[in-house]
Amino acid sequence: MDDKPSPRVRDKKNKNKKKSNTSWALIAFSLSFVITAILSAASDKVVNVLPLLAAAAVLIAIISLGIIFDIIGLAVATADIAPFNSMAARRLKTGQKAVWLINNAEKVSSFCNDIVGDIAGVVSGATGAGIAIKLFSSMDSDIAFLLTLALTSLISAVTVGGKAFGKSAAIKYSTNIVMFVAKLLCGFRK
């Protein structure tokens with residue numbers, strides 16, 4: 001007896017998968033738009049209202065957020081599901097949540113890496129430019145341009161370097177990271 005699904009069953013599964021992928025793309029688009037608008041507006045207000053040190057702290061938080069979500073996205077995509085299946089079989093909520101994360105790795109990784117991570121990169125660049133304008137606006141235009149260029153380049157380098165460092169940690173400690181995220185999502189319940 002042949003265990004392969006009939007062509008009709010395969011076609012139905014492919015249509016459902018395409019519909020799911022299209023739905024996710026629309027959700028990702030919408031989330032990206034809304035999150036970027038909110039973060040951009042907030043960072044613009046922060047730079048204009050807060051003192052320079054507080055604005056710099058917000059900038060560091062945005063960069064850190066991008067790096068952390070990049071680590072989570074890669075950890076979920078590379079984690080081994082076996083230890084979490086064992087936990088889920090014992091009806092542990094964290095194990096069930098971890099299995100859900102890994103089974104939905106494509107969407108979780110897209111959300112963490114593409115939506116939050118990339119948006120954090122864009123917003124940190126805009127925030128850094130706002131800080132640079134605030135810092136260097138009273139200087140000679142050529143010097144202000146060079147200092148702004150140096151600051152935005154530093155922000156980019158810290159972001160890329162942090163993500164590069166985070167990628168190796170995400171792969172090496174993927175099980176621990178997924179477990180932590182599952183615990184966080186479950187409210188640290190056992």
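How much space lies in the second largest pocket? About 180 Å³. This is a predicted model: local features need pLDDT of at least 70, side-chain atom pairs count only at pLDDT 80 or more, and totals for chains, interfaces and linings use all residues. Residues are numbered from 1 along each chain as its sequence is written, and side-chain values use heavy atoms, with hydrogens and water left out.

**Pockets**

A pocket is an open set of points on a 1 Å grid over the protein atoms alone, with protein on both sides within 12 Å along at least five of seven lines; lining residues have an atom within 4 Å of a point. A volume is the space filled by probe spheres set on the points, which are joined across faces, edges and corners.

The largest pocket has a volume of about 380 Å³. It is lined by 17 residues, and Leu-101, Val-108, Phe-111, Cys-112 and Leu-185 are the closest to its centre. Helices H2 (52–78), H4 (93–103), H5 (105–136) and H7 (174–185) each give two or more residues to this lining. Helices here are DSSP runs (H or I) of at least four residues, numbered from the N terminus.

The second largest pocket has residues including Ala-56, Ser-64, Ile-131 and Val-158 in its lining. Two or more lining residues come from each of H2, H5 and helix H6 (141–172).

The table gives the lining by class. Ala, Val, Leu, Ile, Met, Phe, Trp, Tyr, Cys and Pro count as nonpolar, Asp, Glu, Lys and Arg as charged, and the others, Gly among them, as polar.

| Pocket | Lining by class | Largest share of lining |
|---|---|---|
| Largest pocket | 15 nonpolar, 1 polar, 1 charged residues | H7, 5 residues |
| Second largest pocket | 10 nonpolar, 1 polar, no charged residues | H2, 5 residues |

Ile-38 is exposed, with a relative accessible area of 55%. The cut-offs are under 20% for buried, over 50% for exposed and partly exposed in between (1.4 Å probe, protein chains only). Areas come from the Shrake-Rupley method.

With Phe-33 and Val-34, Ile-38 makes a nonpolar surface patch of about 330 Å². Patch residues have over 30% relative accessible area and no salt bridge; nonpolar side chains (Val, Leu, Ile, Met, Phe, Trp, Tyr) are joined within 5 Å, like charges within 9 Å. A salt bridge is a side-chain nitrogen of Lys or Arg within 4 Å of a carboxyl oxygen of Asp or Glu.

Asp-118 lies in helix H5. Asp-118 counts as partly exposed because its relative accessibility is 44%. Its C-alpha atom is separated by 9.6 Å from that of Ile-67, 51 residues apart along the chain.

Definitions and conventions: Accessible areas come from the Shrake-Rupley method with a 1.4 Å probe; for residues, only the protein chains shown count as cover. On a 1 Å grid over the protein atoms alone, a cavity is a set of points where a 1.4 Å probe fits but cannot get out, and a pocket is an open set with protein on both sides within 12 Å along at least five of seven lines; lining residues have an atom within 4 Å of a point.
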